[in-house]
Amino acid sequence: MPLILDGSPSPSPSSSPSEPCLATLRRRQHHESDVVVVGAGILGTSLAITLARQNRSVILLEKSLKEPDRIVGELLQPGGVQALQKLGLRDCLEDIDAIRVKGYEVIYYGHAVEIPYPLNAACGDHGAGEGVDGVMDESKAYAGVKRPEGRSFHHGRFIQQLRAAAMREENISLIESTVTGTVKTAYTGQVLGVEAETKDGKKDVYFGQLTVLADGYASRFRKEFLAHAPVSKSKFYGLELIDADLPRSMHGHVILGEGAPVLLYQIGTRETRALVDVRDGTPSASLANGGVKGHLRNVVLPSLPKCVQSSFERALDDGKLRSMPNSWLPPSTQQVPGMVLLGDAMNMRHPLTGGGMTVAFNDVLMLRDLLSPEQVPDLGDTELVKKQMRRFHWRRKNLTSVINILAQALYSLFAADDLQLKALQLGCFRYFQHGGQCIDGPVGLLAGIIRQPFVLFYHFFAVALLSIWLVIRQSPVYRLPLTLVSTVGIFWKACVVIFPFIFSEMRS
């Protein structure tokens, strides 16, 4: 028998006392609901709760209800915290030893620059502190205003909090069962539900007017419903450091040097996550050089800040090294009647910027409005659902295209492996050192606070132009003609880095 966990059947204010009971009986006895959600992860669970609170009957399927143990999905940007608040799920961050995150520190060959989340993001757009001449008086505008903050935590603990919230919802049945396929009509191809199998081998079928497939980065349904596959050129190798002495508390750290970037951030009072990007075919990570562990010990360890090296080495000696592919998958519209593919199953970006959960919660926030009973009274109206999902695809661009493009472009610069990219990497660090809008703009984009793709375009090419100026300024006069030629190569490389990702976001 599948493990079925239902919320307590107390009557909904918007329905008669018998309706929740009937819906619960339909879910339990006949496995019928308004929505079947596959995957009780970040997006699946929060979407199930959101739809259930709109008085939709929801079946939520998950292959294992044990606490997940992953090395990504551990840092929620301020834009994600804000979305969680709007979804009424902010309390899921409580009692999991979550760490406040105030921004980042980027360390470039031993030189550090602090990048706090922007102060003006907490003020909204009400014009607070604006004088009669339209000039902002910062001392008045930001008096008593706190900067926005993110949160970092153990991924599994946060997931269990979300699942506990789902189990408290009367309109949700959370079922432990492995989904093996979809159920379709032979004539139209409409998805009617899913086939599943319990741990003891019992097969079952679950039906819904709408089926949401949110089964994560390793989705078994992606090939069936999407025309393109994820591209992965590197992996994150993760260690859990104990009692690490980080250079700056309550900040994420990005370490830049000769190799690919290293991320450091606290996930608990005593625990710190270290993520090391290792590209496929890295010579120092070959078997002849001791494999990935040899690379971490011989190349990465010496490049870390001195205060972190001892805890990193202890974690490496413990041998608990895990990996996760870093994948790129541009979003696509949903055309299959009766089904939508969401979350990492539909759209992924490099986890360097920690934007995945922010995208997921904001997607749920948007779907709450687009699929509300006022907009879509009957989720079985497949044409209306498809129309709303096309709107969803384009509406989410202001945020998700920024986070997707920024993650891929920033990774290209931070993992620089040629002279042009190295010049852009240096230009990026020098840009941050200028402070002011040179920090507030980029980190506001990364945090999911600034949702304007043009702002990303502006700052990226401002970095490119600064990189070119630095190369020209450092060049002797007699080499100026050759230097000017090389600057053309730098600008061309900047275009090659960002425009493919821009074009991928523009297609449907």
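A: Begin with pLDDT, which is the predictor's confidence in each residue, from 0 to 100. This is a predicted model, in which local features need pLDDT of at least 70 and side-chain atom pairs count only at pLDDT 80 or more, while totals for chains, interfaces and linings use all residues. Residues are numbered from 1 along each chain as its sequence is written, and side-chain values use heavy atoms, with hydrogens and water left out.

Q: What does the protein average in pLDDT, and where does pLDDT stay under 50?

A: The average is 90, and 91% of the residues score at least 70. Over residues 8-18, however, pLDDT stays under 50, and for this stretch the model has 14 contacts (heavy atoms within 4.5 Å) beyond four places in sequence. The pLDDT is also below 50 over residues 122-143, a stretch with 19 contacts in the model beyond near neighbours in sequence.

Q: How many aromatic pairs does the structure hold?

A: Rings of Phe, Tyr and Trp (its six-membered ring) pair if their centres lie within 6.5 Å, and planes under 30 degrees apart count as stacked, over 60 as edge-to-face and the rest as tilted. The structure holds 13 such pairs. In one of them, the ring centres of Trp 328 and Phe 501 are 5.2 Å apart with planes at 80°, so this pair is edge-to-face. Helices (H or I, at least four residues) and strands (E, at least two) are DSSP runs, numbered from the N terminus; here Trp 328 belongs to strand β17 (residues 322-328) and Phe 501 to helix α15 (residues 480-506), so that the pair links distant parts of the chain, 173 residues apart.

Q: Are Trp 328 and Phe 501 buried or exposed?

A: Buried means under 20% relative accessible area, exposed over 50%, and partly exposed in between (1.4 Å probe, protein chains only). Trp 328 is buried because its relative accessible area is 11%, and Phe 501, at 15%, counts as buried too.

Q: Why is the pair of Phe 461 and Phe 499 tilted?

A: The planes of Phe 461 and Phe 499 stand at 40°, with ring centres 6.0 Å apart, and therefore the pair is tilted. Phe 461 lies in helix α14 (residues 453-474) and Phe 499 in helix α15, 38 residues apart. Phe 461 is buried at 10% relative accessibility, whereas Phe 499 is partly exposed at 26%. Both belong to one aromatic cluster, whose members include Phe 454, Phe 457 and Phe 503.
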